Amino acid sequence: MSDLSLTILAETPNDAHAIERLLERTFGPGRFVLSAYRLREHVDHLLDLSFTAWIGTLLVGSVRQLPICIGDTPALMLGPLTVEPPFRGRGVGRALLDRSLNDARAKGHRLVILVGDEPYYSRVGFKAVPKGRAIMPGPVDYSRLLVAELVEGAFTDVSGDIRPDWSKAR
Ligand SMILES: CC(C)(COP(=O)(O)OP(=O)(O)OC[C@H]1O[C@@H](n2cnc3c(N)ncnc32)[C@H](O)[C@@H]1OP(=O)(O)O)[C@@H](O)C(=O)NCCC(=O)NCCS
């Protein structure tokens, strides 16, 4: 951002309402049928690894991460990532991603997966999951299932069903 006023903060419970409205405007009610939401039904996102973007007192973006497993391996699922339309194309999404991935790595996480556009997320290290290596709990376009290794080689021997991390289930 060129105007110096962008602040990235860890999400707090007070942000929930504003984030819900942002997600509703961006994705609409259809978001609840996406496979990624099936995982979100069972585990809450981690507030200390979910972030909000602010310009002054205006919430302009949000990213969340929730605890999952791929087979027996703990990982994070990133998303949704959303930026208010008037503030897109100014680095807000990138700032939210950088903060999420850096803090996840600093807290000892090794793998992050998401469902999204490879041309966008490849900028921060995501690659397509090789076909059949990780299975979502519902229909998904597998060309959009992406993984980032926060530690080199962390995905090498990992495979299996993607499921909520039941140890963190509600
Ligand atoms: C995707 C999104 C979060 C990006 O936020 P942003 O703040 O505009 O992103 P940044 O400013 O960091 O990056 C902008 C760059 O990414 C590119 N970009 C944005 N969306 C892209 C996409 N889907 N595929 C490829 N490139 C994309 C822009 O063209 C721009 O490129 P440039 O730097 O070469 O000009 C935002 O557009 C958004 O909220 N979209 C709707 C919700 C959505 O699709 N979320 C992702 C779901 S997986």
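Which polar backbone atom is 3.2 Å from an oxygen atom of the ligand? To find out, select R90 together with the ligand: the polar backbone atom belongs to R90, and the separation from the ligand oxygen is 3.2 Å. Please note that this is a predicted model.

On its own the ligand has 900 Å² of accessible area, of which the protein covers 64%.

Next, select L81 and V83. A polar backbone atom of L81 is 2.9 Å from a nitrogen atom of the ligand. At V83, a backbone N or O atom lies 2.9 Å from an oxygen atom of the ligand.

Now extend the selection to the whole shell. There are 19 residues around the ligand, and those that come nearest are G89, G91, G93, R94 and D117. If a pocket surface is displayed, the largest pocket is the space that the ligand takes.

Stay with strand β4 and select P80, which lies in this strand. The peptide bond leading from G79 to P80 is cis, and its omega is near -5°. In general, most peptide bonds are trans.

Finally, turn to the charged side chains. The whole structure holds seven salt bridges. One of them joins the side chains of D48 and K107, at 3.6 Å from N to O. Because D48 belongs to the loop between α2 (35-40) and β2 (51-55), and K107 to the loop between α3 and β5 (111-115), this pair ties together parts that are 59 residues apart in sequence.

Technical notes. Residues are numbered from 1 along each chain as its sequence is written. This is a predicted model: local features need pLDDT of at least 70, side-chain atom pairs count only at pLDDT 80 or more; totals for chains, interfaces and linings use all residues. Side-chain values use heavy atoms; hydrogens and water are left out. A residue is near a molecule or strand if one of its heavy atoms lies within 4 Å of it. A polar contact is a pair of N or O atoms within 3.5 Å; within protein, one must be able to donate a hydrogen and the other to accept it, and residues adjacent in sequence count only if both atoms are side-chain atoms. Accessible areas come from the Shrake-Rupley method with a 1.4 Å probe; for residues, only the protein chains shown count as cover. On a 1 Å grid over the protein atoms alone, a cavity is a set of points where a 1.4 Å probe fits but cannot get out, and a pocket is an open set with protein on both sides within 12 Å along at least five of seven lines; lining residues have an atom within 4 Å of a point. A molecule sits in a cavity or pocket if more than half of its atoms lie within 2 Å of its grid points. A salt bridge is a side-chain nitrogen of Lys or Arg within 4 Å of a carboxyl oxygen of Asp or Glu. Helices (H or I, at least four residues) and strands (E, at least two) are DSSP runs, numbered from the N terminus.
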